[in-house]
Amino acid sequence: MMMRGAIGIGLLSGLLWGINNVLVARAGDIAGEAFFLPIVFASCNDLCAAATLLSITALRGKLWTMASNLRSAGGRRVVLAALVGGPFGQTMYFFAIAKAGAAPALLVTALYPIVGCLLARFFLHQGMTRRMWGGIVLSVAGAMLVCGGGGMAAHFPESFLWGIACALCAALAWGSEIVLAISGMKTVEPHEAVTLREGVSGLTLAAIVLCLPEARLAAGAFVLQSEALLLVAAGVAGGLSYAFWYRANNALGCARGTATNATYMIWGVVLGALLHGIDTLTASAVCGCALIFIGVAVVVWQQEEA
């Protein structure tokens, strides 16, 4: 794949993940704060994502090939990536939103590119130049400005620390997931890998929901609301985002792949302004978006030196 095409795919993954975040946050505002809803949300999100990707895989005539990959070493690594990033990481992310709020959760999970790059450096032997590290740090600093502005401290809920701990777990899980996935994609085609990822994650989460009576009740109450369609749309956007994210990381490496995906913070700000009015933009959000853009540019347009 040409470098510019891969960068475009990575940027598109960021746009779609920004849409996913906005829709999930909106669905959460409507649904309330039932304890098991984060697991229900994670399950619905990944099941809808899996259905979208399975449909595409079926149209491509690759279902049997994907199933046979489960027996390969690369397929087993992708399955492990699915379990780390999905049932664990995704659930921690939704609990972080529920317990600490969307902005603090996004702030902490924005650290996942650093986790991924560190792990890729040691386990995949992917080189990182000082300039690339600088770009990643700029992007993370920008994400913190986007999420940290607006006087949030006055509105922290009592469960804030639990939410931050969950967000840290999600960042560690997602950073680990992409390293495992890149390792698996040495023998498994990216689209098949991400379809496996969402299918394994969605089914595992659904099994957890079915095994917990309180979770089943929360799921039943939520799906009866017409607003549950927001979560279906979020899942479709999330599935496509993951497909592009896996493909970009496989083509560009962890640093460039995660950097392009980090633009979801910019899209979140833009979409939020469109939904809630331009007057909701803060100076810190605008400055943070500028830093993310500069950081991404520094990383992705870096010539191969490592």
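Contact here means that heavy atoms lie within 4.5 Å of each other. The model under discussion is a predicted one. In these terms, and leaving aside residues up to four places away in sequence, S139 touches L291, I292, G295 and V296. S139 is placed in helix α7, which covers residues 130–148. With a relative accessibility of 7%, S139 counts as buried, because the term applies to residues under 20%.

**Buried charges**

Side chains of opposite charge can pair when their charged atoms come close. The structure holds 4 salt bridges. A network of such bridges links D46, E177, R197 and E198. The pairs that involve R197 are set out below.

| Pair | Closest N to O distance |
|---|---|
| E198 and R197 | 3.2 Å |

The bridge between D46 and R197 links distant parts of the chain: D46 belongs to helix α2 (residues 37–59) and R197 to helix α9 (residues 190–211), and the two are 151 residues apart. In the bridge between R197 and E177, the partners sit in helix α9 and helix α8 (residues 160–184) respectively, so this pair ties together parts that are 20 residues apart in sequence.

**Nonpolar cores**

Which residues have the most contacts inside the largest nonpolar core? They are F41, I178 and Y246, in a core of 74 residues. Helix α8 supplies the largest share of this core, with 11 residues. When residues up to four places away in sequence are not counted, I178 touches W245, Y246, N249 and C254. Another core, of 8 residues, lies apart from the largest one; M128, M132, I136 and V299 are among its members.

Helix α2 has 23 residues, and the distance from its first C-alpha to its last is 33 Å, close to the 33 Å expected at 1.5 Å a residue. After α2 comes G61, whose phi is positive, near 70°.

Helix α13, at residues 264–276, has 13 residues and reaches 18 Å from first C-alpha to last, close to the expected 18 Å. The buried residues of α13 are Y264, M265, I266, V269, G272 and A273. An α-helix has 3.6 residues a turn, so residues three or four places apart point the same way. Just after α13, G277 takes a positive phi of about 105°.

**A nonpolar surface patch**

On the surface, L118, F122 and F123 form a nonpolar patch, and together they have about 370 Å² of accessible area. F122 lies in helix α6, which runs over residues 112–124. The relative accessible area of F122 is 61%, so this residue is exposed, the cut-off for that term being over 50%.

Notes: Residues numbered from 1 in each chain as written. Predicted model: local features only at pLDDT ≥ 70, side-chain atom pairs only at ≥ 80, totals over all residues. Heavy atoms only, no water. Patch = residues over 30% accessible without salt bridge, like charges linked within 9 Å, V, L, I, M, F, W, Y side chains within 5 Å. Areas by Shrake-Rupley, 256 points an atom, 1.4 Å probe, with all protein chains shown as cover. Salt bridge = Lys/Arg side-chain N within 4 Å of Asp/Glu carboxyl O. Helix = DSSP H or I, 4+ residues; strand = E, 2+ residues; numbered from the N terminus. Buried < 20%, exposed > 50% of the residue type's maximum accessible area, 1.4 Å probe, protein only. Expected span 1.5 Å × (residues − 1). Core = buried A, V, L, I, M, F, W, Y, C linked by side-chain atoms within 4.5 Å.
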